[in-house]
Amino acid sequence: MTSTTSIIQSILSGVIEGTDYALYCLGLAFVFGIMRIINLAHGELLVLGGYIAYWLLVKWGVNPVLAIPIAAGAAGGMALLSYRVFLQRIRTGSELNTLILTFGLGIFLANLFLQLWTADIRTIGVDWMEQPLMLFGIYISLGEITAITISLVVVLGLHFFLTRSKMGMAIRVTAIDRDSAALAGINVERADLVAFSIGGVLAGVGGPLLGMLAHISPGAGVAITVKAFVLTVLAGVGSIPGLIVAGIILGVGEAMTVTFTNASYRELFGFVLFLLILLVRPQGLFGRRL
Amino acid sequence: MTIRTVITLSVAFAVCLCLATAWAGPPIRLGAQAPQTGSLAKHGLEQIKGIRLAAEEFQKKYNTPVDLRVYDDESDGQKAVAAVEKLAGVDKVQGIVGGYGSHLVGPASEAAERYDTPYMITGAVDTKLSAKKYKNFFRLNFMPGYAAAQSGAMKDILGAKKVGILYNSVSATAEIAEYVKAQLTSAGIQVPVFEKFEKGTTNFKPILLKLKDAGCDVLLVEGYFPDYVGTIKDAKILKLPVKAYVGAWGIGTPEFTRELGPMSEYVYGTSVWEMGTAPKESKEEEAAFVADYKAKFNEEPSYIAMLGYLSGKFMLEAIHKGGGESGAYDPEKTRSVLRALDTMSPIGRVAFDEKGDPKYFVAVLFQTQKRNQVVIYPKDRSTGAVVYPAVPWGGK
């Protein structure tokens with residue numbers, strides 16, 4: 001018999017998982033929404049951020065939360081480099097080109113991680129962040145509170161960047177009509193470069209949190225990319241705040257599936273929801289073009 | 001330099017070359033297939049290190065060169081088949097070792113059988129793998145030995161009343177979970193929670209809460225490294241009120257204690273071998289292996305490295321005794337040597353039954369205490385006393 005406390009605790013765990021999902025998929029959703037590029041190396045950029053934070057902690061004792069800007073910078077730098085060296089040259093061709101290229105980039109990065117950090121599974125452990133707090137019989141760790149806060153701040157920050165800043169608006173205009181944007185004096189190549197790099201930065205922000213709440217390994221990126229893609233479609237292309245809501249729906253739905261049925265149906269719930277949304281509302285829950 | 005000197009030196013060089021070749025003999029071609037990339041890479045890389053060490057030692061001992069060919073199966077079943085096909089069909093190796101994960105080894109062992117090449121695996125424990133009785137199939141460890149250690153310790157050492165079992169959906173962990181559940185139930189121990197979870201699960205709290213509601217004494221997780229990390233972290237946040245946390249394999253590796261630090265304290269795991277658990281007849285071999293491994297790779301060997309080492313050693317010696325370096329290789333001779341094998345090793349007595357399964361394999365169950373693995377079961381191999389009840393997060 002499931003107790004009421006356990007149900008509430010389970011829902012909370014779904015909310016936490018959902019906000020993590022939103023953060024993990026933000027970069028992919030952003031790049032897909034703006035540039036129509038499905039960045040299959042997104043998961044690996046996120047894992048790169050995780051490794052950076054891991055090593056800063058192990059080598060110099062840097063708190064992983066403080067390491068987030070460095071991790072984000074490294075992943076953003078990798079994204080920038082990838083765009084300048086490879087993607088920029090082949091973007092004008094078929095959309096399939098970018099898909100294949102980012103897939104290859106993902107494989108390259110996974111193998112690079114393997115060489116640099118071996119195949120060992122790493123986890124970022126900071127004792128004070130793992131300590132649970134109890135409120136009315138419900139437990140939550142400081143690390144989880146930190147992760148939720150960072151997710152919300154980053155999602156809202158991106159939303160405001162796109163709607164309030166000059167560069168954000170330039171990126172959106174470029175996404176809507178590239179030729180008109182160029183005629184209006186917007187440097188569309190620069191807008192693309194900045195957008196793809198921001199996608200990398202957003203992935204890099206998620207990496208340290210992934211290492212703290214779960215684990216990182218060279219091959220961990222693939223599952224993240226798949227989950228991020230599912231969530232992007234679920235939320236609807238172009239809806240950044242919608243990612244949080246969609247993430248929470250997915251996270252809580254999965255948790256409730258486990259609580260009331262069996263853990264083996266958890267993934268099934270996600271994919272049934274994905275298919276239902278595609279059938280009933282193909283543009284996603286909050287979908288609209290930017 | 002005169003012409004005569006040049007001719008004399010050339011002849012001397014040619015004679016030396018011929019003598020060196022005759023002295024070394026033709027190489028033994030040994031194939032190794034293991035995940036070097038992908039989700040199982042960690043284990044596969046350790047295996048290969050052990051195999052390389054075995055090849056080096058064999059070369060020194062028998063003065064016979066070993067041509068070791070290593071292929072990465074990328075933690076993928078199809079790639080595992082391709083690797084075995086290439087080793088057996090193209091490289092014409094005389095025996096194959098390695099293989100990790102029952103879902104990879106299953107199809108790969110079929111390929112080895114098709115190419116009639118002896119195949120000794122070390123990291124695939126599903127009992128169904130040997131059901132087809134392939135003549136080339138040999139393995140050093142398998143599932144019933146692990147299940148017996150877990151259920152035996154829970155009954156005889158921990159005195160558990162209610163056990164919650166969570167298991168990864170892959171075939172090996174699903175099978176061991178079923179085995180242990182049956183053994184516990186027949187011993188009068190309740191299993192009120194028996195839940196399968198998918199690979200990649202990161203939120204374990206909803207499942208762990210079921211154990212809390214059911215009042216379980218012991219949490220048993222049949223899974224892999226990421227599953228242990230996830231369950232331990234979530235159990236800590238929930239302050240899960242259990243008396244013991246038991247895992248299957250891969251939980252007591254040096255990496256595990258390094259990564260989890262204090263969170264690895266008091267957890268139980270099964271293993272083929274931990275440092276210091278070799279039977280007295282093999283203590284010397286164990287010490288030599290540990291010293292050589294540390295010297296070569298600058299790290300502590302795990303039980304997977306030990307299995308890799310032993311598989312390489314047994315296969316190379318079987319090829320050698322079967323006339324492998326004479327140029328007239330006959331796989332049946334290698335198989336015959338392996339079938340007749342009955343020897344002590346750091347993992348215990350090694351001999352194979354008619355299906356290629358290990359006749360005498362028994363895993364040990366250990367508890368991590370101050371970052372060391374203290375074997376607590378079976379009692380005759382124990383290296384220390386159990387600390388119970390105790391879990392890293394406090395528990396009951």
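Strand β4 (residues 119-123) of chain B runs parallel to β5(B), joined to it by 3 bridges; helices (H or I, at least four residues) and strands (E, at least two) are DSSP runs, numbered from the N terminus, and two strands pair if DSSP finds at least two bridges between them. In this pairing, B:Tyr119 sits opposite B:Phe137 of β5(B). This is a predicted model, with local features needing pLDDT of at least 70 and side-chain atom pairs pLDDT 80 or more, while totals for chains, interfaces and linings use all residues. Residues are numbered from 1 along each chain as its sequence is written, and chains are lettered from A and ligands numbered from 1 in the order in which they are written.

Zooming out, the open sheet has 5 strands in the order β2-β1-β3-β4-β5 (chain B), paired in parallel. Its edges are β2 (66-72) and β5 (137-139) of chain B, each pairing on one side only.

As for the two chains, 35 residues of chain B are in contact (C-beta atoms, placed from the backbone, within 7 Å) with 34 residues of chain A.

Over in chain A, A:Leu152, A:Val155, A:Leu158, A:His159 and A:Leu162 of α6(A) meet A:Ile240, A:Pro241, A:Leu243 and A:Ile244 of α11(A). The residues of this helix contact come out as 8 nonpolar, 1 polar and no charged.

Key: Ala, Val, Leu, Ile, Met, Phe, Trp, Tyr, Cys and Pro count as nonpolar, Asp, Glu, Lys and Arg as charged, and the others, Gly among them, as polar.
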